[in-house]
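Colleague: Please take a close look at one part of this model for me, the salt bridges and what surrounds them. A plain account in one piece will do.

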Amino acid sequence: MTFIVKTRKVLLNKVLNRRQLSVELLHQIKPTPSQESVVKELASKYKADERNVVVYGLRTTFGGNRTTGFALIYDTQQYLLKFEPKFRLRRRGIIPKRDGSRKGWKEVKSKLKKTRGAEKTKIYMSRKTDKREVIRAQKETYLKGFVGK
Amino acid sequence: MSGGLTYFKEDFPVYSDLISTINDQLQSIDNLHVITCTTENKNNIAQYLRAKNATMAKYLIHLNMYLLHKLNYGNLEEFPVDQLIEDKILIQKIIQAQKKLQYSIDKLSKYQETQINEDDQVVDQVEKLTLKPRIENLHKDETNDKINNPNQKYVPPKLAATLSKSDLNKQKQERREELRKTQRKANLIKSILDEQETDKPKEMTERDLQQLYYGRAEDEKQMEKRKYEEDHMTRLPTTRDEKRRERIAERKANVTRLDDFQEFETINKVLNKGTKKIKKPQGSKLKGSMKKIVKRKRR
């Protein structure tokens, strides 16, 4: 282990079935550690599956040697898929990334500002995004291939 | 069945007494209604009391009928039990509401008692008269009562010296200045003692450590931001002001000597030796109002 992990403000969130904590990493001289290494450390510390641990918001302080971040440890994979926001699931590869471009959305937005009523809903629904049913199907396929420890 | 009838016969006088008392109370309420004045509140209270007693009487009568049916006939399906339940629930709710009206009911009962003692006429103005002020009590001079004590000396009123607001503020300022003086002295002595070499360990706060290692400590705004982020488990975006402040702080932290400026000057001279100076284009020679006219035409 090339860095030290300190956890603070551990909170048991029963509503969302997870443990929330803030993480502090001390890595003198060395560069900031990667998310995967931090996930491994936390999983071993809290005796959880690595796939149920989510780390985000890692930021180094001025001068180096210290980074702070946040971590969430879910009870099961189902709760992770239910409560995690989609952009974090996309980072993990559970949901495939978006195809639509930024410019396309801006064009749609400018059209929406000029319309009202049924036309507005038509234009909004015709945009290129992942629909709810598609995301649900992707999550189900992922869960079928998931084997718990 | 016969055993039940005997119990009922024994208790029958009690029931009859109860019903007679309820009837008496209803009559008293009617009297109250006549005596009380025409204000809306008192009418409502009288109606409330009458409704309460009427429901109680009705409930008792229905109960008695139910008992008789049970004892004599045995056919309880025909008897409307729903009414009994409704009456009971009504009575419970009425009694709950009585707590809020208790004050006004007590007031009415007291008023009724006073009315019985006084004349039997309808008195609407009695309450207003009783609330009038007593003019006798207004002109009472306790200090200069020559009629009561003619031989007594004149006793002036007691006066105590008080400070004005400006004087009070001056006092506060003086105290603050004294505190500052003592703080400066203490800081001086502390710095002198810190410079001395002792075996005692020095106290370094987190701010001092940051200043030592990184050359600068956290501002109040940065501390607030950090606390907010940790409490809400989010990361806030960096603003332009923060970036500007960080750049300035980096420059301040990196400056070590004053001789660096000379080095930069020499380096710039060496680099720009062969290059020509580019002249900036001159501004328009128009002055004052002509400039505005030309600009308007160009638009």
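Modeller: Asp49(A) is buried, with a relative accessibility of 14%. Its salt-bridge partner is Arg51(A), with 3.3 Å from N to O. Arg51(A) is partly exposed, at 31% relative accessible area. Since buried means under 20% relative accessible area and exposed means over 50%, Asp49(A) at 14% falls in the buried class, while Arg51(A) at 31% falls in between. Please bear in mind that this is a predicted model.

A network of salt bridges with shared partners joins Arg8(A), Lys9(A), Glu24(A), Arg66(A), Glu218(B), Arg226(B), Glu230(B) and Asp231(B). Over all chains, the whole structure has 13 salt bridges.

Glu230(B) forms a salt bridge with Arg8(A), where the closest N and O atoms are 2.9 Å apart. This pair crosses between chains: Glu230(B) is in helix 7 of chain B, and Arg8(A) is in strand 1 of chain A, residues 4-13. Glu230(B) also forms a salt bridge with Lys9(A), and here the closest N and O atoms are 3.5 Å apart. Lys9(A) is in strand 1 of chain A and Glu230(B) in helix 7 of chain B, so this pair too joins two chains. As for accessibility, Glu230(B) counts as buried at 14%. Arg8(A) is partly exposed at 33%, and Lys9(A) is partly exposed at 43%.

The largest share, eight residues, comes from helix 8 of chain B. By type, the lining holds 18 charged, 12 polar and 11 nonpolar residues. The space in the pocket is about 1400 Å³.

Elsewhere on chain B there is a nonpolar patch on the surface. Leu188(B), Ile189(B), Ile192(B) and Leu193(B) form this patch, and their accessible area together is about 400 Å². One of them, Ile189(B), is found in helix 5 of chain B, residues 165-195.

Methods: Residues are numbered from 1 along each chain as its sequence is written. Chains are lettered from A and ligands numbered from 1 in the order in which they are written. This is a predicted model: local features need pLDDT of at least 70, side-chain atom pairs count only at pLDDT 80 or more; totals for chains, interfaces and linings use all residues. Side-chain values use heavy atoms; hydrogens and water are left out. Patches are made of residues with over 30% relative accessible area and no salt bridge: like charges are joined within 9 Å, nonpolar side chains (Val, Leu, Ile, Met, Phe, Trp, Tyr) within 5 Å. Accessible areas come from the Shrake-Rupley method with a 1.4 Å probe; for residues, only the protein chains shown count as cover. A salt bridge is a side-chain nitrogen of Lys or Arg within 4 Å of a carboxyl oxygen of Asp or Glu. Helices (H or I, at least four residues) and strands (E, at least two) are DSSP runs, numbered from the N terminus. On a 1 Å grid over the protein atoms alone, a cavity is a set of points where a 1.4 Å probe fits but cannot get out, and a pocket is an open set with protein on both sides within 12 Å along at least five of seven lines; lining residues have an atom within 4 Å of a point. Grid points are joined across faces, edges and corners, and a volume is the space filled by probe spheres set on the points. Ala, Val, Leu, Ile, Met, Phe, Trp, Tyr, Cys and Pro count as nonpolar, Asp, Glu, Lys and Arg as charged, and the others, Gly among them, as polar. Buried means under 20% relative accessible area, exposed over 50%, partly exposed in between (1.4 Å probe, protein chains only).
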